[in-house]
Amino acid sequence: MTMALEGVRVLDLSRTPPGQYASMLLADFGADVLMVEVPPGAVARFEVRNGPPETDEEATALAHQALRRNKRGAAINLRDEDGQRIFRALVERADVVIDGFRPGVTRRLGIDYERLKAINPRIITCSVSGFGRSGPYEPRAGHDINYISIGGALGSIGNAQGEPVLPLNIIADFAGGGLMAAFGILLALQARERTGRGQDVDAAMSDGVASLMVSHVAAMLGGAGPPRRGDHALAGARCYYQVYECADGRWISVGAIEPYFFEELCRALGFEEFIPHQNDPDRQADMQAAFAARFRERPRDEWFADFGHLDACLTPVLDLDEMMDDPHQQEREMALDVEDEDAGTVRQVGVAPKLLGTPGNVRSAAAYLGQHTDEVLAELGESAESIAALKERGVVA
């Protein structure tokens with residue numbers, strides 16, 4: 001079956017998760033993604049294991065590198081003249097180049113958009129960075145915590161009495177960064193169909209976070225004020241949108257926002273008297289305390305088994321290992337077992353979204369550093385003797 005991005009060639013220079021996630025999404029839907037990495041011994045801040053796994057521990061480590069799935073890998077030293085020659089040849093045949101460097105690095109390496117489009121006018125470049133390539137914060141270092149701070153998300157997460165609560169690095173790195181970058185690349189590919197020209201995509205994670213806050217910004221500008229920690233209906237201020245501890249120490253989540261869902265929840269828990277007071281601010285503490293006491297009477301999975309089918313928006317709070325064993329995730333193929341010739345059977349998160357006509361899939365687990373260097377150089381017309389010489393000099397690996 002034809003895949004949505006079949007025939008699209010991507011060069012991925014990123015060394016960190018945001019860019020790698022973007023290229024993984026493209027690879028999941030058929031793009032030919034080549035990771036262009038640093039050969040062993042060259043200057044590199046992030047080391048990747050070289051060569052096929054030799055022990056069970058190495059195979060397990062490789063299996064866990066899901067961001068490298070469905071990709072090929074070649075190690076090329078871009079600081080070497082021959083490495084630059086090889087990279088330029090790859091750019092001639094490519095559609096997209098992704099990097100995760102800080103602003104200015106691609107220019108110093110001689111691989112910025114202006115120079116690459118001189119080689120291939122149809123090339124699309126995408127830089128995934130923290131603060132983008134303009135603005136007063138452009139040169140500053142940062143991580144997810146910094147980008148969600150500047151993007152307005154972190155200050156809104158947590159309860160009213162405490163400090164901001166740190167989420168995992170999914171808001172900036174993966175949603176605001178990798179996902180937005182992949183979206184930008186797809187837009188650029190679509191635009192190229194009309195214009196015949198590539199373009200540069202500046203994917204700043206702080207921009208992505210701000211974009212994710214759009215509905216809350218709109219509400220604030222409409223007069224609601226900024227969402228304060230614990231003072232928003234969707235951030236802990238209402239009993240019907242909350243997590244509750246159960247008898248076994250596990251947690252259940254409730255999202256009964258609409259009145260008919262709240263009514264169903266109250267009837268299921270035996271609190272019909274609460275139905276008229278769903279949004280009464282003076283009753284929230286009492287109702288939340290009553291719900292909390294009721295949920296502590298039974299284990300989490302009993303609550304879900306007996307009441308999960310109701311329109312009360314009640315679901316268990318699953319740990320990640322539980323998520324991978326959940327029957328819904330398995331039927332939706334979001335928990336997969338992938339057979340890999342190097343790593344054996346590898347468990348991975350599945351592919352989203354589901355395209356019924358041109359679906360994505362997981363075709364291979366993580367490629368190790370330099371796994372496809374010989375193959376890629378042969379495609380460029382390099383002889384076996386030339387490849388051996390390049391390896392001897394440390395230009396490739």
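Hi everyone, let's start with a pair of helices: H10 passes H11 in a left-handed crossing, meaning that the near helix is turned anticlockwise from the far one by less than a right angle. Before going on, please note that this is a predicted model, where local features need pLDDT of at least 70, side-chain atom pairs count only at pLDDT 80 or more, and totals for chains, interfaces and linings use all residues. Residues are numbered from 1 along each chain as its sequence is written, and side-chain values use heavy atoms, without hydrogens or water.

Back to our pair. Helix H10 covers residues 259-269 and helix H11 residues 284-295; their axes come within 11 Å and cross at roughly 50°. Axes here are lines fitted to C-alpha atoms, for helices over the stretch in contact, with angles from 0 to 180 degrees between N-to-C directions. Helices (H or I, at least four residues) and strands (E, at least two) are DSSP runs, numbered from the N terminus.

Which residues make the contact? From H10 they are Phe262, Leu265, Cys266 and Leu269, and from H11 Met287, Phe291, Arg294 and Phe295. Contact means heavy atoms within 4.5 Å.

Now to the sheet. Three strands form an open sheet in the order E7-E8-E9, with antiparallel pairing; two strands pair if DSSP finds at least two bridges between them. Strand E7 (241-245) and strand E9 (314-316) are the edges, each pairing on one side only. On average, neighbouring strands are turned by 25° against each other, direction ignored. Finally, helix H12 (residues 300-307) packs on this sheet, touching E8 and E9, and its direction makes about 140° with that of E9.
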